[in-house]
Protein chains: 2
Amino acid sequence: MPRVSQDHLDARRRQILDGSRTCFARHGYEGATVRRLEDATGLSRGAIFHHFKDKESLFLALAEDDAERMADVVAEQGLVQVMRDLLAEPAGDSAHAPGADWLGTRLEVSRRLRTDRDFRERWAKRSEQLTAATRARLQWQRDSGNLRDDVDIDVLTAYLELVLEGLVSHLAMGLPADDLGAVLDVVEESVRRHRGR
Amino acid sequence: MPRVSQDHLDARRRQILDGSRTCFARHGYEGATVRRLEDATGLSRGAIFHHFKDKESLFLALAEDDAERMADVVAEQGLVQVMRDLLAEPAGDSAHAPGADWLGTRLEVSRRLRTDRDFRERWAKRSEQLTAATRARLQWQRDSGNLRDDVDIDVLTAYLELVLEGLVSHLAMGLPADDLGAVLDVVEESVRRHRGR
């Protein structure tokens, strides 16, 4: 396949992912009809489903894409920073803020994990990369002497992921977020090394 | 109204709440049909809706009843103990374990908060008692010198509630709970007073 064609395909695929991300975030999985996906991407259903087998495959590709971008931020700045981003840009505030995008997709993932056993199996291996990125970042912090060393890294990883899940759920329920910046300070501090510990 | 009659009414109300709790936990709000509620309580629909105006009122009474019992445990043992109870008895393990009951109802509350704006308003004032119990418990711990005193009690309350929400969501998604006991140790320790702090 000539190179220009591959570039074109990649760009088209990116266009579909970016457009449908907003659409899924706004309407949920069931509410993101093919008609709405056409409007959101500016492409026909024929073009969309030339690149993705069906809506399920499109959503999985999107969630995977988000998880990769999230893992990149985790690798650079840690999972607490991902949570601060979510807090800075809750869902619906802006179509272009990464926080808004991630929250929408992640909510939909959480909901489908609860209700759809097939989806749970397909998602399992994709969710591992965020865990792996979080663990690697914590290991790096420990090697740098910044992380507490009295608790296993797997436990600290599970701790941060649990707080993330709580944050996603909290924002999804539309509960007030005023105290949550200070809460994340507590979370961040509780994984760090302290004098006297 | 004679006393014996009020006792009878209270007992009947209790019978309906206990039976329907299991039913809502197992089938979700929509899945808990009137037929299933009859089976679960051993009472006719006439008897059930003599005590509760409709299914919505029954569910709200149930959620309120659970929140009161949860607030009692929080007052005695703290919110972390409530979380340990949830962990010890995840949903579906036993119809009689308090953890299983609470998780089922709380999940349904979380789901409806996300999807049902009317429910959100009706629930708001009922959810305050758990927050109030958590805050009172933390204040008592601070007065006893067991709580860290460098962070506002409202922030620590929000922190514990965020972790609870994450735990409910985690268990609802059927994710592995192996590390979570150790995670709750980290949570508990992070609100306590430490030497050197």
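Helix axes are taken here as lines fitted to C-alpha atoms over the stretch in contact, and the angle between two of them runs from 0 to 180 degrees between N-to-C directions. On this basis, in what is a predicted model, the axes of helix H4 (residues 55-77) and helix H5 (residues 79-88) of chain A come within 7 Å and cross at roughly 120°.

In chain B, helix H5 (residues 79-88) packs with helix H8 (residues 153-172) at an angle of about 5°, the two axes lying 10 Å apart. H5(B) and H8(B) are therefore roughly parallel to each other. From H5(B), the residues that take part are B:Leu79, B:Val80, B:Met83, B:Leu86 and B:Leu87, and these meet B:Leu160, B:Glu161, B:Val163, B:Leu164, B:Leu167, B:Val168 and B:Leu171 of H8(B). The contact of H5(B) with H8(B) comprises 11 nonpolar residues and one charged residue, with no polar residues.

Between the two chains, the contact takes 34 residues from chain B and 34 residues from chain A. The area buried between chain B and chain A is about 2,800 Å², and carbon and sulfur atoms give 68% of that area. Of the area that chain B buries against chain A, 26% is supplied by B:Arg114, B:Leu162 and B:Met173, which is more than any other three residues supply.

The count of salt bridges between chain B and chain A is two. One of these joins A:Glu189 to B:Arg148, with the closest N and O atoms 3.2 Å apart. Across the same interface of chain B and chain A, five residue pairs are found in polar contact, both residues of each pair being at pLDDT 80 or more. On the side of chain B that touches chain A, the elements that give two or more residues are helix H6 (98-115), H8 and helix H9 (180-191) of chain B. H8(B) provides the largest share of that side, namely 13 residues. By class, the side of chain B that touches chain A has 17 nonpolar, seven polar and 10 charged residues.

Definitions and conventions:
Residues are numbered from 1 along each chain as its sequence is written. Chains are lettered from A and ligands numbered from 1 in the order in which they are written. This is a predicted model: local features need pLDDT of at least 70, side-chain atom pairs count only at pLDDT 80 or more; totals for chains, interfaces and linings use all residues. Side-chain values use heavy atoms; hydrogens and water are left out. Helices (H or I, at least four residues) and strands (E, at least two) are DSSP runs, numbered from the N terminus. Angles under 35 degrees count as roughly parallel, over 145 as roughly antiparallel, 65 to 115 as roughly perpendicular and the rest as oblique. Contact means heavy atoms within 4.5 Å. Ala, Val, Leu, Ile, Met, Phe, Trp, Tyr, Cys and Pro count as nonpolar, Asp, Glu, Lys and Arg as charged, and the others, Gly among them, as polar. Buried area is the accessible area (1.4 Å probe) that two parts lose on being put together, summed over both. A salt bridge is a side-chain nitrogen of Lys or Arg within 4 Å of a carboxyl oxygen of Asp or Glu. A polar contact is a pair of N or O atoms within 3.5 Å; within protein, one must be able to donate a hydrogen and the other to accept it, and residues adjacent in sequence count only if both atoms are side-chain atoms.
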